[in-house]
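Subject: A structure to look at, with notes

Dear colleague,

I am passing on a structure that I would like you to open beside this message. Please look through it first, and then read the notes below.

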Amino acid sequence: MSALSGTLRPTMPDDRVFAAAAVVALLEGIVRLVLPVISAPLIDGSWPWPPLLAILWPPVIAVFGLAFVAPIARETRTEIVDEQGEGVALVQRRLPAFASLAVVGHAVAVVGGIALFLLVDTPVRYALYATGTSDPLPLALVVYAPIFAIALGTIVAWALPAAVFVRVVRGDGIVEGTRTVIATAVTAPRAFAPLVARQVGLVAVLGVLAVGLLWWLDATARSDLEFGSIDGTVLPLAVVGLAIVFVTAAFLSASLAAAVDRFGSGHARSSAESAWSGPPAVPIVRLALVLLVLTALVAAAGAVRMDEVRPVDAEPEPLPDDPDELYATAYDNTDRSDHEYTHGFMDPEDGTMEQAHRVRIDRTDRQVVSYVGESDEPSGYYTNGRFYENTVFPGYPDEDGMVAPGYTALMQDGTPKAGEPSPDAENWTVIEERDDEIVLELTDPEDVFFAMTGSDLEQFGDEAEVHDSWGRMTVDTDRNTLVGGEFRFNVTSTDDSAANSEYDVHGVVEYEVDIDVERPDEVGSPTTGELYWRLVAY
């Protein structure tokens, strides 16, 4: 362990190391911009693959570039030319080791970053759902936050590969250096505290910037703002993409530079100086126990997210006596439950309902399936991994929709139930009470029209003539939810200045609670991208 202690001695900052980090960060960023273009034939090019490539691609340039700078950065102020040359020659002999470290070390760091994301994000989101803070969460947060979080976690996890990097630069074999670092991480974690603290500090700064960027994105994407000739939704997306590319590259490079600056003391060791009596023993039992605990925690967090295990407030509230409050409470109880909503129109000839629209909403598992008319073939299917519609999307890969958090996107502006009576309808009266049902009625034309459309009769002008107007809703007093209802409204207008001249509708709505949505066969099996979204869009 004394050999590692020598490596972990702090040194004075060396501007050359961080100057090199800036150069390699620029090069790493350019590589990550070119990657999606080169790999376009192999991937569909849709989100999240372009930004994920920026994270998954190993920092080969940073590792090689800083490896050559590190021996010079550790030189004493006398800087003997021969010693510099010896240090560079040592690095050249270890290029295969650096290549392995860049690829394998980065893979380990990415896995660690994903693990950190799952371990931190899962309990936070679970707490948000438990307190009813936000469900669904803002779409921008669901889409972009996981990418940033995984990148930040990867940067923190690079603390261990960065320490191995320093050991290899100083002359250790990659296996020997890895064993030394692992042994120290398990038996003396305080030795890594300065490096990890610096990593966390960098990540904290980046996290604050990310939160501000996400807030800006959500504010601009949901408005009509424009920046010159650039639409308000395009500029934030471009900024997010560039930020992910260059900031990830910069911080990966900075993490290596921090390791060199913090732990790169002393001259590059010669072969004789590198000869140890033997590498430190790795405490297998303790290491296995740590890995077992971490694996169990990560697996549990992943299972919670993939299986949509989260608190859902579906317990119905008691029905008040006031008819208006009774209707509003029954509506809210129904809307928060797993339910099916059917909307149709009454056939005037035979008095039967012609179904126009049906939607099944499974809030527990966050699935929505919709149907048009009497068809049993789904017109849409939405989960937090799929946005499927039975039509061709211009600009999207295929006619099956797109891989995206469709449930969250669909619910941003409320539950999509066409023709549903407004939850804000007022002036109800109780006209009938049965064993487990109450029938409510509206008769005033203003109230009926608002309940059906959410607007008022002013659009028909001053010469509007209402021919028929009534609406009824039935409430299940056992489950405290809506059963269904029927609305009739017929108005004409001879006012030339009116926005509309006629409205003649006889609509019917039906509800069924405690339903379960199954994945339609037409959608097919989950793709890799869909599984990604199910994991991160919790």
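The notes below begin with the chain as a whole and then turn to single places in it.

This is a predicted model, in which local features need pLDDT of at least 70 and side-chain atom pairs count only at pLDDT 80 or more, while totals for chains, interfaces and linings use all residues. Residues are numbered from 1 along each chain as its sequence is written, and side-chain values use heavy atoms, with hydrogens and water left out.

The chain holds 17 helices and 12 strands; helices (H or I, at least four residues) and strands (E, at least two) are DSSP runs, numbered from the N terminus. Of its 538 residues, 45% count as buried, where buried means under 20% relative accessible area, exposed means over 50%, and partly exposed is in between, with a 1.4 Å probe and protein chains only. Among contacts (heavy atoms within 4.5 Å) between residues at least 6 apart in sequence, 69% join residues at least 24 apart.

The largest pocket

On a 1 Å grid over the protein atoms alone, a pocket is an open set of points with protein on both sides within 12 Å along at least five of seven lines, whereas a cavity is a set of points where a 1.4 Å probe fits but cannot get out; lining residues have an atom within 4 Å of a point. The largest pocket has a volume of about 1200 Å³, a volume being the space filled by probe spheres set on the points, which are joined across faces, edges and corners. Its lining has 33 residues, and those nearest the centre are Val108, Gly112, Leu160, Leu291 and Leu294. At least two lining residues come from each of helix H6 (95-130), helix H7 (139-157), H8, helix H9 (174-187) and helix H13 (284-306), and H6 gives the largest share, 12 residues. The lining divides into 28 nonpolar residues, 5 polar and no charged, where Ala, Val, Leu, Ile, Met, Phe, Trp, Tyr, Cys and Pro count as nonpolar, Asp, Glu, Lys and Arg as charged, and the others, Gly among them, as polar.

One of these helices, H8 (residues 159-169), is mostly covered, with 10 of its 11 residues buried; among them are Phe165 and Arg167. After H8 comes glycine 171, which has a positive phi, near 120 degrees.

Aromatic pairs

The whole structure has 11 aromatic pairs; rings of Phe, Tyr and Trp (its six-membered ring) pair if their centres lie within 6.5 Å, and planes under 30 degrees apart count as stacked, over 60 as edge-to-face and the rest as tilted. Tyrosine 327 and tyrosine 331 form a tilted pair, because their ring centres are 6.3 Å apart and their planes stand at 50 degrees. These two tyrosines are 4 residues apart in helix H14, and are therefore separated by about one helical turn. Both tyrosine 327 and tyrosine 331 are buried. A second tilted pair joins phenylalanine 489 and tyrosine 503, at 6.2 Å centre to centre and 55 degrees between the planes. Phenylalanine 489 is in strand E11 (residues 481-493) and tyrosine 503 in strand E12 (residues 502-513), so this pair ties together parts that are 14 residues apart in sequence. Ring pairs also link Tyr327, Tyr331, Trp428 and Phe487 into a cluster.

Leucine 440 lies in strand E9 (residues 437-442) and is buried, with a relative accessible area of 0%. Leaving aside residues up to four places away in sequence, leucine 440 touches several residues, including Tyr327 and Trp428. Leucine 440 and aspartate 324 are 116 residues apart in sequence, yet their C-alpha atoms are 9.2 Å apart in space.

Serine 337 sits in the loop between helix H14 (323-336) and strand E3 (339-346), and counts as buried because its relative accessibility is 7%. A polar atom of its side chain lies 2.6 Å from the backbone oxygen of threonine 334. Serine 337 also touches Ile361, Arg363 and Val513, not counting residues up to four places away in sequence.

Two residues with positive phi

Glutamate 308, in the loop between H13 and H14, has a positive phi near 55 degrees although it is a residue other than glycine. Asparagine 480, in the loop between strand E10 (464-476) and E11, likewise has a positive phi, near 60 degrees.

With best wishes

Definitions and conventions:
A polar contact is a pair of N or O atoms within 3.5 Å; within protein, one must be able to donate a hydrogen and the other to accept it, and residues adjacent in sequence count only if both atoms are side-chain atoms.
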